[in-house]
Amino acid sequence: MPANPSIVSFQHHQSIGLITINNPPVNALSQAVRQGLLECLQEAESEHTIQAIVIACQGRTFVAGADITEFDAAPKPPFLFDVFYRIDQCSKPVIAALFGTALGGGFELALACHYRVAITGTKVGLPEVTLGLLPAAGGTQCLPRIGGLALSLDMMTLGKPRLALSLVEEGIIDRIIDTEPSAYTERVIEYSKELLNTGQGVRPVSAMPVNTTDDDKALLDQWRAKLAKKAKGQTAPQVIIDCIEDAIKLPFLDGQSNARERFLACKASSQSRAMRHAFFAERSASKLEGLSDDIIAGEVNRVAVIGAGTMGSAIAMCFANANIPVTLLELNKEALEAGLNRINQRYQQSVDRGRINAADLNRRMACIKTTCDYNDLADIDLVVEAAFESMEVKQTIFQQLDKVCKPEAILATNTSYLDIDTIASVLSCPEQVVGLHFFSPAERMKLLEVVRGNTTSPHTLKTAVELAKRIGKIAVVVGNGYGFVGNRMYASYGREAQNLLLEGATPAQVDKAMSDWGMAMGPFAVNDLSGIDIGYKARREHPGLPDDPCYFRPADLMVEAGRLGQKTGAGFYRYDPQTGQRESDPIAIERIRAEAIKLGVPQRESISAEHIQQRLVTALINEGRALLQQGIARRASDIDVIWLNGYGFPRFRGGPMWWADQ
Ligand code: T1G
């Protein structure tokens, strides 16, 4: 009998021994689970009536990995690989019963078993690289043996889960079982008996050879080069390739022993600690501490979006993707048609890229209705206003909504910097107003700043946060203030970048320094992409601009010269009309230089990349700290989640506030 049968239990089903893990919420492989697994395995192996063993889980998913909360402490025995190798070497066939998401150590547990079955819809994967780690419990040596090099490189260095169905052909998954969850375990036991009846025995993956070819070295080098670009600055992806290379060259246990050493080094690294911080920060971001449990989120079955422009149409897609009927409202039919065409094109692109199929496209388009008549919004549960960034325009729309919507309807605005309370002040129900600040492209970006106004009720807030989860967003609750959290920090970051141009740096120099540091893109390339005029207009609406003639002067110069960015073929850079290729533009640099002299800005002899990186990141940290002191940001980790998911801050640096703490 296992020490803690509530976590891992063992039952007899005639000739089949059933080991069941029950460690909510995701059956993580904590020390107690490892201990229980080992004890149950020993019991099953010693019982002569037992001829085969099934490893299953209770709850919402098969094992979703090692217990990440244990990684900051020294590892305790039994160690994961020792337990798994015991399964691999078991004298009786062991079958894994997969469902939900079998990830990391969960998929390695499955690979340690001799047979793997999965219920329809199961996903498997090795996402360790997203935590700055590598599969430490046999995955780097098993997967190359059973799945080959190319699949191993893809699954381990990119870390994306896959449908188990897609791995049947490779022989990794032995059977997909299509049944009700309640009948699944019984079906797996039947499958195990079938194995016995057909005389199939143990099948340790560790004993399988790695199929090698003359192209292996080239393939490994190709992936090294690809990841040096795609995961610039990250250690784990390259280390994973070292482990996969060992699988080709070394005996199973030698390759595994190297993998363990490398895992421990990665686990102790600042990169992995930063990425583990990001993992838990994202999970705590949507938790509404301090809100009483009596507050129940309202039902949201019908949504409307006001404005079918770039943001409005993308926001409508978020709801259609989650199967929530959405009504798109515009001033006239032409604008509605343009919005619908934009949506259709984007879905068609997803079909062309194999992300969705034609049936998905049709189902999603069928979720979207259009109107020019506000009266059609009478039974809508939640409205998202995504119109032009003008207080006057927004207040007019909200007054219209106040007249036609039902009293309990939630009225949200997608403004990215205007005052929520001022918008709500023209309404009879300001407590129903909340900010839902989506990030462009809204159908792809996971981040959603949920802005709590002074009058926003706890019910409205809870409903908004629950809805965000339903549409697959990471909701971060922030206070009301100019630019909320993300954009306010971006203004400080941008200010420093602009000042550096006035002090003699070039846009390319600043952008290279920041992308070498890990930012997805430099500030001036981003400015040109999103349109320099967006910030220009926002600054004109800003009630409290600093009295500083240098404040965003280079950007204003570009706009005044009609250089709005990519959309006008020139901004801080110029863009090749044929290829769209970005190039440094001496005209822009010269204009800024002349303006700096006019403003009397001292020129710096040389400006190093480190100096640029420090100035911009420190500006972020200082503004983040001010936001925490003012209570607009509730937690430092929320600021990190916003910058990691909204502004391309490098995940292996954990976020501006985590970085500050380090
Ligand atoms: N360890 C500890 N806690 C975990 C956990 C884990 N592996 N996975 C999830 N949780 C907690 C999470 O913090 C949250 O807690 C709750 O479970 C629900 O999670 C040896 C080294 C499985 C797809 O990277 O991707 O194995 O906030 O809100 O949206 O080689 O969780 O409620 O208190 O995310 O339904 C590899 C991580 C580990 C998978 C479910 N595994 N998990 O998503 O729920 S490293 C992973 C996920 C490893 C081996 C290596 C997702 C999920 P709380 P949730 P969800």
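1. Six strands form an open sheet in the order E1-E2-E3-E4-E6-E9, with mixed pairing. Strands here are DSSP runs of E with at least two residues, numbered from the N terminus, and two strands pair if DSSP finds at least two bridges between them. Strand E1 (8-13) and strand E9 (175-177) are at the edges; each has a single partner strand, so one side of each lacks a neighbour in the sheet.

2. This is a predicted model, in which local features need pLDDT of at least 70 and side-chain atom pairs count only at pLDDT 80 or more, while totals for chains, interfaces and linings use all residues. Residues are numbered from 1 along each chain as its sequence is written, and side-chain values use heavy atoms, with hydrogens and water left out.

3. Strand E3 (residues 52-57) pairs with strand E4 (residues 94-98) in the parallel sense, over three bridges. Ile 55 has Ala 96 in E4 as its bridge partner.

4. There are 16 aromatic pairs in the structure. Rings of Phe, Tyr and Trp (its six-membered ring) pair if their centres lie within 6.5 Å; planes under 30 degrees apart are stacked, over 60 edge-to-face, and the rest tilted. Phe 279 and Phe 280 are an edge-to-face pair, 5.0 Å centre to centre with 90 degrees between the planes. For Tyr 551 and Phe 552 the centres are 4.9 Å apart and the planes at 70 degrees, so this pair is edge-to-face.

5. Ring pairs also link Phe 439, Tyr 490, Tyr 493, Trp 643 and Tyr 647 into a cluster.

Technical notes. Helices (H or I, at least four residues) and strands (E, at least two) are DSSP runs, numbered from the N terminus.
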